[in-house]
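Hi,

Here is the structure I promised to pass on.

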Amino acid sequence: MDQIPQILANGVYLGAQYAMIALGLTLIFALMNVLNFAHGQMYVLGGFVTYTIYGAWGLPFVVALAMSCITLAILGALIEKYLFAPVIKKSARDESTMLLAAAIAFLLDAVILLVFGEKQRGVPKLVDGTTILGDYTLVIANDRILICLLAIASIIGFISFMQFSKTGRALRALAQDRVAAQLMGVNVDRYSMIGFALGAMLAGLVGGLLVTITGINLGMGGPTSIKAFMMVMIGGAGVISGAIAGGIILGFLEAAGLALLASYGNITYLLIFVSLMIFLAIRPQGLMGKPWG
Amino acid sequence: MKRRNLLKSTLSAAVLASVAAGAAWAENPVLKIGFVGVTSGPAAAWGISNQRSMETRAEWINEIGGYKIGDTTYDIEIVSFDDQKDPKRAVAGMEKMAQEGIHYVVGPNVDDGAAAVRPVAESNGIMYFPYAFPKSLYQAPASNAVLGMVANYQSGPAIYKHLRDNNGVKTVAFIAANESDPLSQRDGGVEAAKALDLDVVSDSVTYQVDTTDFTPVLTPIMRAKPDLLVLSGVSPANAPQLIRSARELGFSGLISTETAQDAQVLREGAGDMANGFISVGGASTPEIASDMMNEFVERYTDMFGEYNDESNTKVYALEYILETLKANPAAIDDVEAYKVTMDTFEAPNPYMQGDAVLKYVGDFSFGQKRQVAVPLVVNVYQDGAFETMFIAEVD
């Protein structure tokens with residue numbers, strides 16, 4: 001019982017970061033029906049950009065974070081314009097874009113290894129200190145609280161952008177019905193590129209934020225993509241609110257499992273995967289997805 | 001016409017250049033040494049430090065005219081294969097080495113890969129130098145594998161005993177990644193701790209290899225309040241995050257591991273929170289490093305931009321292979337001759353000050369000499385650098 005405050009705190013923190021990771025992936029899927037296997041590598045690249053500017057060059061963190069977002073947005077736009085858009089136009093088969101995404105993931109892995117090396121990298125903490133409540137009933141580092149708040153603010157900002165801006169409305173229209181959006185005058189090519197850039201930018205943003213907590217290394221890309229897919233499948237592919245829900249659910253499941261089942265060895269993920277299989281067998285479209293796609 | 005002449009001239013120049021290059025390359029015959037290990041993914045740092053150490057040393061040897069074995073001077077070529085930490089890929093890598101006629105291979109880096117390549121190595125006459133700890137690889141009837149570093153069951157008991165006697169450690173907790181190497185190292189560590197009458201207060205907590213946030217994982221251990229937290233088989237990528245999470249959760253005891261770490265990675269990832277972290281160091285710390293070791297570090301840094309402290313140990317495997325071949329040139333194509341030489345081989349250790357020697361050990365641990373003799377250096381991390389805690393000999 002005395003573990004509950006710590007589980008809740010860990011769950012909120014993990015959930016917020018996971019939701020941010022899943023947002024970009026689900027946005028790209030919603031707009032283009034593309035499973036972006038390179039999402040994790042984009043996250044890693046964002047982390048390395050922040051590491052280089054903030055950790056290695058010593059420039060302010062805000063500058064580094066902005067550069068991570070800009071770099072990934074530009075990269076995302078270029079990838080969409082010169083790789084995904086031509087493939088989507090020429091091939092009606094879904095596996096073409098999946099193969100392309102996997103190839104981009106391998107390419108980014110190789111480029112990251114060449115440019116940033118094989119070592120784990122880390123940056124100075126944004127804020128020092130730890131908040132301790134009760135007799136160590138709840139212990140949480142202050143930089144985690146800060147990153148958690150920034151992640152929540154970013155999610156709210158992203159939802160507001162999608163809800164209230166002209167670009168956001170166009171992107172939502174595109175996600176709901178591509179043909180109808182085109183008939184209503186939405187420039188589909190342009191907004192597809194903007195949407196992909198936005199999704200990649202979100203990956204860069206979360207990479208830049210989390211490098212301050214978890215550090216970054218070459219191998220984080222693949223596992224990050226897998227976790228992001230899990231969250232998207234739980235919440236419903238292509239649904240923004242579903243990705244957030246999926247992230248929060250996965251975060252709480254992890255926090256609770258790791259705390260309560262520690263004495264049984266590493267069975268937390270086993271149970272999460274089994275639960276996910278059962279859940280998808282019952283509701284394959286996820287919590288908030290529609291059965292017809 | 002002019003265009004045709006230009007084409008002819010260009011073609012002639014290209015042919016001449018390639019002939020000249022070939023002639024230059026053909027000055028010395030080439031001795032190929034293989035590397036099969038992990039150079040991509042989360043554990044890439046382990047294999048890349050191997051590969052780069054070998055490439056640095058090979059280029060250095062070639063630059064000074066080659067390496068003389070018997071009457072022949074060879075240029076050294078490193079043939080590398082990334083096994084992606086996958087045993088199936090490791091087998092494919094070892095098969096590639098066999099196809100290229102290579103008899104001496106460094107790697108693989110992990111237990112399952114090293115076990116998987118054993119049949120290929122034995123059936124193709126390949127001696128290999130794994131960084132993996134299962135004793136069955138080095139005990140008879142196996143005879144082709146040579147342990148390239150100090151095993152955890154050799155370093156762990158020494159570290160725990162030192163900390164029990166000098167730091168008053170009475171209780172220990174273990175945490176390991178959920179894969180074969182760290183789990184087997186944890187089990188060995190638990191056994192060693194119990195043999196020293198230490199109270200093991202937690203040994204069941206494990207984490208996924210791809211974990212990035214260790215706070216939830218460590219929370220249950222922190223409640224046990226051990227004097228010593230052992231990070232069994234921890235990779236350099238995970239160590240700083242584990243240390244940082246433990247300290248942030250209020251842990252003030254000692255933290256140790258039996259794997260080699262990198263000071264810069266610890267400094268960047270955990271900062272001052274890593275102070276006091278105990279690990280098994282490279283075999284040539286500043287106190288014992290020779291001028292040749294220092295030059296190796298300089299050359300490595302020049303080639304790759306940044307040194308990796310793990311290479312203090314990983315510089316040795318290639319040196320052992322070449323020095324043993326020098327001692328018995330007949331072994332160049334005959335690993336049975338190599339095995340015979342191993343029993344009596346001794347040569348000056350160029351990477352250490354004083355009269356240290358290269359020799360094969362392992363009689364005590366494996367019943368035969370199937371381990372390179374590198375000093376057991378136990379380090380403490382302090383303010384961005386490793387300080388030597390104590391030095392011992394294995395076996």
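Below is what turned up, starting with the contact between the chains.

A word on ground rules: this is a predicted model, where local features need pLDDT of at least 70 and side-chain atom pairs count only at pLDDT 80 or more, while totals for chains, interfaces and linings use all residues. Residues are numbered from 1 along each chain as its sequence is written, chains are lettered from A and ligands numbered from 1 in the order in which they are written, and side-chain values use heavy atoms, with hydrogens and water left out.

**Where the chains meet**

The contact (heavy atoms within 4.5 Å) takes in 39 residues of chain A and 40 residues of chain B. Together the two chains bury about 3,200 Å², 50% of it on carbon and sulfur atoms. Buried area here is the accessible area, with a 1.4 Å probe, that two parts lose on being put together, summed over both. On the chain A side, Glu118(A), Lys119(A) and Asn266(A) lose the most area to chain B, together 21% of what that side buries.

The rule asks for a side-chain nitrogen of Lys or Arg within 4 Å of a carboxyl oxygen of Asp or Glu. One to look up is Arg144(A) with Asp213(B), whose closest N and O atoms are 2.7 Å apart. Another is Asp143(A) with Arg244(B), 2.7 Å from N to O. Asp143(A) sits in helix α5 of chain A and Arg244(B) in helix α8 (residues 239-248) of chain B, so this pair joins two chains. Helices (H or I, at least four residues) and strands (E, at least two) are DSSP runs, numbered from the N terminus.

**The sheet in chain B**

Chain B has an open sheet of 5 strands in the order β2-β3-β1-β4-β5, with mixed pairing. Two strands count as paired if DSSP finds at least two bridges between them. The edge strands are β2 (67-69) and β5 (127-129) of chain B, each pairing on one side only. Neighbouring strands are turned by 35° against each other on average, direction ignored. For angles, axes are lines fitted to C-alpha atoms (for helices over the stretch in contact), and values run from 0 to 180 degrees between N-to-C directions.

Within that sheet, β1 (residues 30-37) and β4 (residues 104-106) of chain B pair in the parallel sense over 2 bridges, and Gly34(B) has Val105(B) as its bridge partner. Two helices pack on the sheet. Helix α2 (residues 44-63) of chain B touches β1, β2, β3 (72-82) and β4, at about 160° to the direction of β3(B). Helix α3 (residues 87-99) of chain B touches β1, β3, β4 and β5, at about 155° to β3(B).

In chain A, strand β1 (residues 130-133) runs antiparallel to β2(A), joined by 4 bridges. Thr131(A) stands opposite Ile140(A). The two strands form a hairpin with 4 residues between them, and Gly134(A) in the turn has a positive phi of about 65°.

Pro108(B) is in the loop between β4 and α4 (111-123) of chain B, and Pro141(B) is in the loop between β5 and α5 (152-167) of chain B.

Cheers
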